[in-house]
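Try each one yourself before you read the solution.

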Amino acid sequence: MNSAARTQPLSGIRVLDFTSMIAGPYCSRLLADCGAEVLKLEQLGGDHMRNGKPMRDGHSTYFGHLNCGKKSLAVDLKSTEGRAIAVALASTSDVILENYRPGVMKRLGLDYGSLAANHPGLIYCAISGFGQAGPRSSQPAYAPVVHAASGFDHAQFSYQDRQERPAKTGIFVADVLAAVYAFSAVQTALIGRFRHGTGQFIDVALMDSMINLLVFECQEAQFPSGVRRHLYGPLKAQDGFVIVAPVNQRNFEQLAVATGNPGWKADLRFKTGDVRSANWDTLMNEVESWTRTRPARECENTLMAAGVPCSRYLTIAEAITDPQALSRGTMATVEDAAGPFLVPNPPFKFSDGSVTAQPRVSLLGEDTRSVLSDLLNMSASKIDMLIANGVVRQSAASADQPNAGFKR
């Protein structure tokens with residue numbers, strides 16, 4: 001049975017999405033994966049990520065990864081008529097999502113207080129770098145800045161050997177983490193509304209999200225142990241690297257046998273967890289003496305068969321085509337105007353298959369006409385006038401067939 005035929009858990013929930021870039025769009029994409037109707041309200045020039053590489057025939061798969069399953073409206077929020085459209089759409093929506101710098105939405109008259117005055121059940125989620133209040137709330141912040149400001153980069157730096165400066169940022173952890181926290185907070189607020197009848201304002205900060213990630217580090221900062229924790233790192237194999245993680249006593253004993261070193265179990269340097277931790281580098285050097293004489297796959301197969309957690313270091317291309325990923329359906333095929341490509345499904349699976357990446361990426365403004373007509377009962381002539389006056393934009397490719405191919 002096709003998952004589209006099943007009732008999705010958030011079916012009937014409408015989200016008005018003012019967000020751009022990564023954190024907000026990833027949150028609303030997860031909501032769309034769960035069946036919410038997401039109206040992505042973009043600037044007339046579109047979300048900046050529409051120009052993000054990789055590009056195919058002028059269409060960004062980076063953007064598509066974050067925005068599949070959403071309807072696109074292009075509206076000029078600087079105009080009085082454009083703001084009136086946003087207010088009207090908000091009145092029909094269950095959830096508002098925005099990630100402007102604090103204060104911007106208030107200046108536009110689209111803040112929680114203004115919209116909730118006539119819509120007390122509204123769930124309004126604001127995502128920002130440092131939060132909606134406090135001495136840093138108005139400062140600009142993208143994920144790399146927050147990685148540095150939160151202590152994350154410094155903690156990682158302190159774990160490295162012979163490294164002179166913190167590592168460069170290429171993976172935007174703060175954005176994805178904040179998106180996941182916002183996703184869960186929105187659903188918690190919806191449950192609260194269903195149970196208690198009240199709306200909610202949600203303030204999600206990338207900074208707080210990153211600090212929540214640093215579980216051990218937060219406690220170590222308050223109560224320094226003075227002892228460096230042992231770390232898991234790459235061990236050289238014949239054709240690459242592997243990571244070996246004998247976390248508990250049983251894992252260690254299995255490792256000793258699997259590598260042909262049963263004597264380690266009685267070795268005073270390794271016999272217990274505490275002494276192993278104190279002599280961790282020595283133990284890992286011993287293990288590497290075994291791994292470096294074997295191909296990485298053989299190391300992984302041998303140790304995993306013995307019950308010792310171990311993995312080769314895969315590339316992303318290898319990971320998403322790994323037999324486990326294929327078996328689990330980790331990736332889903334979606335399509336934009338340039339053709340099909342793969343994006344990850346949500347990392348949680350529902351037993352009925354109803355939660356999955358939605359299959360289509362809308363063009364900029366593709367759904368402007370249909371949404372204004374269907375939700376606001378706006379006449380075709382009125383919409384034409386708004387388009388002519390530059391208040392809204394309708395994708396030329398979809399002007400004659402709005403929502404062509406859009407699956408919900």
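**Exercise 1.** Find which residues line the largest cavity, and sort them by class.

*Solution.* Step one: list the lining, meaning residues with an atom within 4 Å of a cavity point, on a 1 Å grid where a 1.4 Å probe fits but cannot get out. That gives K40, E42, R50, F63, N67, K70, K71, S72 and S362.

Step two: see where they sit. β2 (37-42), α2 (61-67) and β5 (71-75) are the elements that give two or more residues to this lining.

Step three: sort them. Five are charged (Asp, Glu, Lys, Arg), one is nonpolar (Ala, Val, Leu, Ile, Met, Phe, Trp, Tyr, Cys, Pro) and three are polar (the others, Gly among them).

The largest cavity holds about 40 Å³ of space, and the structure has one cavity of 30 Å³ or more.

A quick note on the source: this is a predicted model, where local features need pLDDT of at least 70 and side-chain atom pairs count only at pLDDT 80 or more, while totals for chains, interfaces and linings use all residues. Residues are numbered from 1 along each chain as its sequence is written, and side-chain values use heavy atoms, with hydrogens and water left out.

**Exercise 2.** Work out how α1 and α8 pack.

*Solution.* Start with geometry: helix α1 (residues 23-33) and helix α8 (residues 173-196) have axes 8 Å apart, at an angle of about 45°.

Next, the contact (heavy atoms within 4.5 Å): α1 brings A23, Y26, C27, L30 and L31, and α8 brings residues including V176, A179 and F183. By class, that contact has eleven nonpolar residues, one polar and one charged.

Note on methods: Axes are lines fitted to C-alpha atoms, for helices over the stretch in contact, and angles run from 0 to 180 degrees between N-to-C directions. Helices (H or I, at least four residues) and strands (E, at least two) are DSSP runs, numbered from the N terminus. On a 1 Å grid over the protein atoms alone, a cavity is a set of points where a 1.4 Å probe fits but cannot get out, and a pocket is an open set with protein on both sides within 12 Å along at least five of seven lines; lining residues have an atom within 4 Å of a point. Grid points are joined across faces, edges and corners, and a volume is the space filled by probe spheres set on the points.
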